[in-house]
Amino acid sequence: MHRLVLSLQAGLVAALCAIPVSALAGPPVREKLVMGWLESVFLRPWNLRVTAKLDTGAKTSSLHADAIEHFNKDGGQEWVRFTLEGVDDSKPLVVERPLVRMAYVKTHGGHSDKREVIKLALCKNGREYETEFTLDDRSNFNYPLLLGRSFLQDVAWVDASATFLYKADTDPCRGAAPVPMSPERKKEE
């Protein structure tokens with residue numbers, strides 16, 4: 001039996017050596033993290049901590065937003081202004097972002113809602129990411145932020161049996177110096 005195993009191993013090594021190097025070269029392997037279905041993330045540039053639900057059933061990420069309004073800026077480009085709140089800071093934050101597009105999102109009730117899509121940066125486990133979010137009133141949901149497949153596909157595997165695999169208190173993102181506040185935020189304080 002031992003001799004058969006050694007023979008099979010030698011055959012496998014010989015077969016691997018016969019594969020041209022160019023066949024092994026492919027796109028670089030992306031390093032993904034294993035995350036629980038709930039995780040804390042920090043929204044940039046404010047370093048605002050929010051609880052995120054990781055949902056592989058949703059295509060696009062979604063963020064709770066209040067008082068959504070459209071306006072023009074920078075020579076007529078369409079922007080969106082809204083407020084949001086984090087876990088640690090109960091004070092609402094006014095955010096302004098360029099409108100990426102409008103998207104129709106199918107709801108649990110079977111109809112479609114038209115929602116604003118913006119880009120935001122977030123930090124998780126010491127890594128910075130930028131992704132698109134639809135803006136929605138998520139006050140009837142348990143969590144203000146949902147991370148969908150468009151974000152997760154390159155970043156994480158989701159362990160449906162676990163939550164908060166990376167603790168917010170030890171996340172290097174928490175200690176990162178927040179980027180200076182926007183003029184709008186400074187006016188509020």
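**Salt bridges between strands, and a glycine in a loop**

Let's start with Glu 132, which forms a salt bridge with Arg 101, the closest N and O atoms being 2.6 Å apart. A salt bridge here is a side-chain nitrogen of Lys or Arg within 4 Å of a carboxyl oxygen of Asp or Glu. Glu 132 lies in strand S10 and Arg 101 in strand S8 (residues 101-106), so this pair ties together parts that are 31 residues apart in sequence. Strands (E, at least two residues) are DSSP runs, numbered from the N terminus.

Before going further, a word on what you are looking at. This is a predicted model, in which local features need pLDDT of at least 70 and side-chain atom pairs count only at pLDDT 80 or more, while totals for chains, interfaces and linings use all residues. Residues are numbered from 1 along each chain as its sequence is written, and side-chain values use heavy atoms, with hydrogens and water left out.

How accessible are the two partners of that first pair? Glu 132 counts as partly exposed at 21% relative accessibility, and Arg 101 is partly exposed at 35%. For these words, buried means under 20% relative accessible area, exposed over 50%, and partly exposed in between, with a 1.4 Å probe and protein chains only.

By the salt-bridge rule the count comes to 10. One of them joins the side chains of Lys 124 and Glu 39, at 3.1 Å from N to O. Because Lys 124 lies in strand S9 and Glu 39 in strand S2 (residues 38-44), this pair ties together parts that are 85 residues apart in sequence. Are these two residues buried or exposed? Both Lys 124 and Glu 39 are buried.

Another salt bridge brings together the side chains of Arg 81 and Glu 96, at 2.8 Å from N to O. The pair links distant parts of the chain, with Arg 81 in strand S6 (residues 77-84) and Glu 96 in strand S7 (residues 93-98), 15 residues apart. Arg 81 is partly exposed at 23% relative accessibility, whereas Glu 96 is buried, with a relative accessible area of 12%.

Finally, let's turn to a loop. Gly 126 sits between strand S9 (112-124) and strand S10 (127-136). Gly 126 is partly exposed, with a relative accessible area of 43%. Which residues does Gly 126 touch, not counting those up to four places away in sequence? They are Asp 171, Pro 172 and Cys 173, where contact means heavy atoms within 4.5 Å. Gly 126 and Arg 174 are 48 residues apart in sequence, yet 8.4 Å apart in space, C-alpha to C-alpha.

Note on methods. Helices (H or I, at least four residues) and strands (E, at least two) are DSSP runs, numbered from the N terminus.
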